[in-house]
Amino acid sequence: MYGRKRSLAVKTIATKALSLFALLSSELSPNKCRAFSISPTSPPTTARTTSRKYLNREEVPSGIQHLVLVGGGHGHVQVIKSLHRLARPANIRITLIDPQSSTSYSGMVPGCVSNLYAEKQTMIHLNSLAEWAEIEYLQAAVVDFDPIERKIYLDVGGDPVGYDAVSFDIGSTTRGFDQTPGATEHTIPTRPISELVKRITDDENSLISKLRCGQWMGDCRVVVCGGGAAGIELAMAMRARWNPIFAGTDCKLQVTILDSGSELLQTETKPCRDTLKEVLAEREICVKHGATVKSITATKVILTNGEEVPKTHCVWATGGGSLPLAGKLGNRGVAVSDRGWIRVGPTLQSISHPEIFAAGDCNVIENLPGGKTSPPKAGVYAVRSGPILVENLIGYLADGSEADLSQYLPQDDFLKLITCGDGTALGFRFGIPLRGKWVWDLKRRIDTMFMDLFQTESLPTLKEDSKLDKSQYDASGDRGEPMDPEQAAYLLARTDDEVDYEKAWDVLRDMMESEKYKEEVLRFTKITPDIGLDPPVPKGKAIIASCA
């Protein structure tokens with residue numbers, strides 16, 4: 001009826017939350033792991049490319065090829081899962097290098113901060129995954145890189161690691177953290193993610209102890225520096241987590257977001273922005289706009305305009321910045337942008353070195369069709385690029401034709417899901433604001449589906465007839481006929497606890513697959529491009545909490 005594509009192909013509607021946490025940090029960590037000495041088995045070339053015809057193990061040419069994965073980000077865990085020993089071409093050897101044996105899944109971290117997840121539920125164990133896939137795992141950090149000799153130097157010493165192809169999925173760091181006076185001493189950064197929950201827990205234990213002993217005087221003032229999705233989620237998470245601590249006391253919990261812009265999430269529609277304002281106001285979260293941090297002390301955040309914002313605790317949740325390793329690559333002749341991102345084309349290959357790939361936050365994609373710009377730093381793009389990365393890494397090592405390279409074309413929009421910390425969530429799609437328990441249920445389902453792919457207990461037994469699996473975790477089959485557009489619009493607008501998230505998810509998928517159906521649903525939601533909701537919905541309360 002609405003031209004739905006009946007297919008088991010990968011869907012792009014269901015994505016992880018818009019959480020701008022980094023995928024991984026590549027800070028050094030002490031360890032005793034020995035670096036293997038591995039040299040490439042073929043001489044460097046300047047025009048080696050990919051070919052899909054070698055994706056079957058029995059068709060690969062002879063000669064061992066060494067693929068090195070630097071970083072255990074969202075894209076690379078898919079590479080590891082897909083290219084286990086019995087699925088990858090028989091002549092390809094793979095090594096993973098990462099300083100951490102486990103990595104946090106960024107989409108679930110705000111839920112963990114809110115105590116909706118245990119920390120262990122958010123972890124992907126790289127060592128176990130690598131062991132299952134029968135690839136070599138080096139728990140080490142890369143300290144130098146030689147693209148001419150194709151050698152990688154590690155902090156654990158030993159001989160350098162050689163490669164025929166190397167892929168970087170190292171994430172990003174917290175922008176401005178090291179450059180802002182007082183930030184390292186007086187704030188909790190969101191990266192590395194592994195330390196975020198621990199630092200918050202330590203501060204919480206200290207706070208509870210002081211309250212019990214009568215040593216805590218006055219209000220608790222939590223300041224979140226950064227008005228992006230990560231800062232918004234963390235502000236609501238801290239409100240949900242620490243509210244019970246102050247119940248029955250004379251102390252109050254104040255939460256403030258410092259945003260450098262004039263409005264939160266400016267690229268969203270007015271209905272979405274208004275709903276966000278309402279959600280924050282309900283939780284008494286103050287937002288200060290035009291707030292650029294100059295320095296931080298133990299008791300206050302000093303802004304560039306001279307204003308001082310009092311604090312007892314501070315979370316640094318600014319956008320992503322490039323890691324020092326990317327700068328080292330640039331110093332070695334690898335193309336990086338002026339902001340330190342590894343420059344790649346749509347095939348995820350370095351524009352200067354075709355044997356180097358990069359995925360996730362650490363890259364910037366150039367030469368996209370239609371003059372499109374590189375997508376923002378959101379984990380969904382690393383997740384969606386995973387299958388393309390798998391195919392192109394294998395194809396490159398097969399010495400195929402450049403014309404056979406697959407291009408990663410980032411989607412223009414995606415389902416953005418923001419954890420509210422209290423068992424509800426806020427979502428944006430097609431300009432429509434979505435909110436309530438059902439949105440949290442949907443987010444939780446999407447996140448756990450992704451995590452289930454990599455949990456040790458969920459990993460399948462390897463079989464000799466294993467095929468290369470590049471499918472995504474949320475691939476969808478036939479769902480039957482779409483819901484009536486008017487009923488669908490009503491369902492998406494509901495905020496009560498009785499909404500079936502699976503039915504709402506089907507509506508969103510149907511809207512993605514059929515432009516006609518999407519337009520009809522939007523007509524009943526009364527969304528217009530210029531004015532948003534028509535007529536305006538009366539709120540009956542202040543939109544933004546007082547910043548007193």
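Mentor: Let us begin with the rings. In this predicted model, ring pairs link Tyr105, Phe450 and Phe454 into a cluster.

Trainee: How many aromatic pairs does the structure hold?

Mentor: A pair of aromatic rings is described by the distance of the centres and the angle of the planes. The structure holds 7 aromatic pairs. One of them is the stacked pair of Phe145 and Tyr163, with 5.7 Å centre to centre and 10° between the planes. This pair links distant parts of the chain, 18 residues apart: Phe145 belongs to strand 6, and Tyr163 to the loop between strand 8 and strand 9.

Trainee: Is Phe145 buried or exposed?

Mentor: Phe145 is buried, because its relative accessible area of 0% falls under the 20% limit. Tyr163 is likewise buried, at 0%. Now take Tyr381 and Phe414, an edge-to-face pair with 5.4 Å centre to centre and 85° between the planes. Tyr381 lies in helix 9 and Phe414 in the loop between helix 9 and strand 23, 33 residues apart.

Trainee: Which ring does the charged end of Lys377 sit over?

Mentor: That of Trp341, 4.0 Å from the ring centre.

Trainee: What is the strand order in the open sheet of 3 strands?

Mentor: Strands of a sheet pair through backbone hydrogen bonds, either parallel or antiparallel. Here the order is 15-16-17, with antiparallel pairing. Strands 15 and 17 stand at the edges, each with a single partner strand, so one side of each lacks a neighbour in the sheet. Between strands 15 and 16 there are 3 bridges, and Ser295 stands opposite Ile302 in strand 16.

Notes
Residues are numbered from 1 along each chain as its sequence is written. This is a predicted model: local features need pLDDT of at least 70, side-chain atom pairs count only at pLDDT 80 or more; totals for chains, interfaces and linings use all residues. Side-chain values use heavy atoms; hydrogens and water are left out. Two strands pair if DSSP finds at least two bridges between them. Helices (H or I, at least four residues) and strands (E, at least two) are DSSP runs, numbered from the N terminus. Rings of Phe, Tyr and Trp (its six-membered ring) pair if their centres lie within 6.5 Å; planes under 30 degrees apart count as stacked, over 60 as edge-to-face and the rest as tilted. Buried means under 20% relative accessible area, exposed over 50%, partly exposed in between (1.4 Å probe, protein chains only). A charge sits over a ring if NZ of Lys or CZ of Arg is within 6 Å of the ring centre and within 35 degrees of the ring normal.
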